[in-house]
Amino acid sequence: WRKVPICLRSLSSLSKQQAKLADIDPSRLEVIRTSKPKEIPPSSSLKFGHTFTDHMLTIPWTVEAGWGAPQIRPYGPLELEPSSTVLHYAQTIFEGMKAYQDPNGRVTLFRPDMNMKRMNTSAHRIALPNFDGDALLELIKKLIWIDKSWIPREPGHSLYVRPTLIGNQRAIGVAPPNEALLFVILSPVGPYYPNGFKPVSLYGTTEYVRASPGGTGAFKLGVNYAPGILPQKHAAGQGYDQNLWLHGPEHYLTEVGTMNMFVVFNKDGGYELVTPPLDGMILPGVTRDSVLTLAREHASGVKTIPGLPKNITVSERPVTMKEVKEASKSGRLAELFGAGTAAVISPVDKIGYLGEDVHIPTGSDGMGPISRPIWTELVGRQTGTIPSGWSIVV
Ligand code: COI
């Protein structure tokens with residue numbers, strides 16, 4: 001029993017120490033503008049994620065002092081020691097969001113509060129420091145404003161915002177880091193897939209898993225992505241664009257490549273829109289949530305989406321390849337699509353599964369009866385042509 005008060009004492013001194021740690025403070029921002037602005041390339045030449053703007057945001061963190069002074073400075077290399085823990089143990093998390101500029105020059109971000117929340121959840125999962133999401137967002141807006149001439153205005157184009165947080169302890173030991181670095185870079189982008197907005201083909205991956213119960217699939221960690229590259233290569237080697245992650249002996253559909261996924265079944269003269277539930281293995285995507293919200297509001301009559309069939313039910317439930325295959329054969333399958341920030345909505349036209357192709361219906365423009373009106377509404381809200389509380393002015 002003597003041990004208890006000692007533990008409590010050390011806990012209370014720890015929380016006192018933590019209380020003194022600084023959070024991200026936008027008033028400490030230092031801005032160093034580049035002396036050599038780059039030439040902004042034409043949007044038609046952009047390859048997703050290959051071009052970066054003139055500036056970046058960096059914010060250091062130490063276990064002793066908390067978050068240090070933010071800096072917006074010329075885009076360029078980071079200096080890391082070879083012992084930095086991020087290089088050894090993948091102590092890295094990231095986010096993806098998009099900024100748009102309308103014809104009146106108004107710059108907006110789409111639901112960035114959700115990205116800030118998810119980034120904090122991801123940080124917690126791998127023992128990286130948490131931060132005030134509103135303060136980071138204020139700094140991100142300043143960065144975007146400084147580089148706003150880089151925001152492409154062509155339809156289907158935007159400025160991709162990539163906040164990243166890394167553990168930067170200079171030691172070869174697996175532990176919460178005593179130093180970290182948060183940085184934000186900006187990339188003008190067009191469509192994520194090289195074939196533009198055409199439907200993609202998927203390879204149902206049964207040999208590898210993306211996530212497992214108790215694992216990290218529900219968090220946006222760098223470590224979730226590198227193991228997907230080899231399966232993606234296998235899919236490409238067999239002529240498919242992306243892999244479809246199947247889970248367990250039942251081959252539950254989970255995610256498509258780097259996106260959440262939706263299946264649409266014909267049901268009772270209407271449609272059932274299905275996506276796998278957030279069971280700890282699915283990334284809680286902002287686009288996923290937006291699609292679900294739009295469809296649910298429409299179905300309940302809260303907000304009608306032009307062109308979306310009235311008779312639609314929305315389900316977050318498990319769906320197996322057996323169900324999709326049978327539905328494809330019987331005509332019950334209406335469509336299947338991926339949803340993510342980078343790719344927005346990406347229709348699928350076939351799935352390679354256990355040696356045969358499961359065919360998915362697509363409309364003449366590649367989209368289906370549910371994805372087309374939802375895509376139109378979503379893109380309208382993202383670009384600000386359809387007013388909504390989701391579009392946040394920078
Ligand atoms: C996004 O959709 O923004 C992502 O983070 C996927 C990415 C791996 C390109």
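Start with the ligand: the shell around it has 2 nonpolar residues, 4 polar ones and no charged residues. Keep in mind as you look around that this is a predicted model.

**Around the ligand**

- Which residues surround the ligand? They are Gly 96, Tyr 225, Thr 258, Gly 340, Thr 341 and Ala 342.
- To sort these residues into classes, remember that Tyr and Ala count as nonpolar, while Gly counts as polar.

**Helices α6 and α8**

- Helix α6 covers residues 286-299 and helix α8 covers residues 371-383; the two pack with their axes 10 Å apart, at an angle of about 110°.
- Angles from 65 to 115 degrees count as roughly perpendicular, so α6 is roughly perpendicular to α8.
- The crossing of α6 past α8 is right-handed.
- On the α6 side, the contact is made by Ser 290, Val 291, Leu 294 and Ala 295; on the α8 side, Ile 374, Glu 377 and Leu 378 take part.
- Sorted by class, this contact of α6 with α8 has 5 nonpolar, 1 polar and 1 charged residues.

**Helices α3 and α4**

- Now find helix α3 at residues 112-125 and helix α4 at residues 133-146: their axes come within 9 Å and cross at roughly 125°.
- With that angle, α3 and α4 are therefore oblique to each other.
- Here too you can look for the handedness: α3 passes α4 in a right-handed crossing.
- Which residues of α3 meet α4? Pro 112, Asp 113, Met 116, Lys 117 and Asn 120 do, and their counterparts in α4 are Gly 133, Leu 136 and Leu 137.
- The class count for the contact of α3 with α4 is 4 nonpolar, 2 polar and 2 charged.

**Strands that pair with β9**

- For a pair to find on screen, pick Thr 58, whose bridge partner in β9 is Phe 183.
- How many bridges join strand β8 to β9? There are 10, and β8 (residues 158-167) runs antiparallel to β9.
- Val 161 has Leu 186 as its bridge partner in β9.
- As a general point, side chains in a regular strand alternate between the two faces of the sheet.

Notes
Residues numbered from 1 in each chain as written. Predicted model: local features only at pLDDT ≥ 70, side-chain atom pairs only at ≥ 80, totals over all residues. Near = placed C-beta within 6 Å. Axes fitted to C-alpha atoms, helices over the stretch in contact; angles between N-to-C directions. Helix = DSSP H or I, 4+ residues; strand = E, 2+ residues; numbered from the N terminus. Parallel < 35°, antiparallel > 145°, perpendicular 65-115°, else oblique. Left-handed = near helix turned anticlockwise from the far one by under 90°. Contact = placed C-beta atoms within 7 Å. Pairing = 2+ DSSP bridges.
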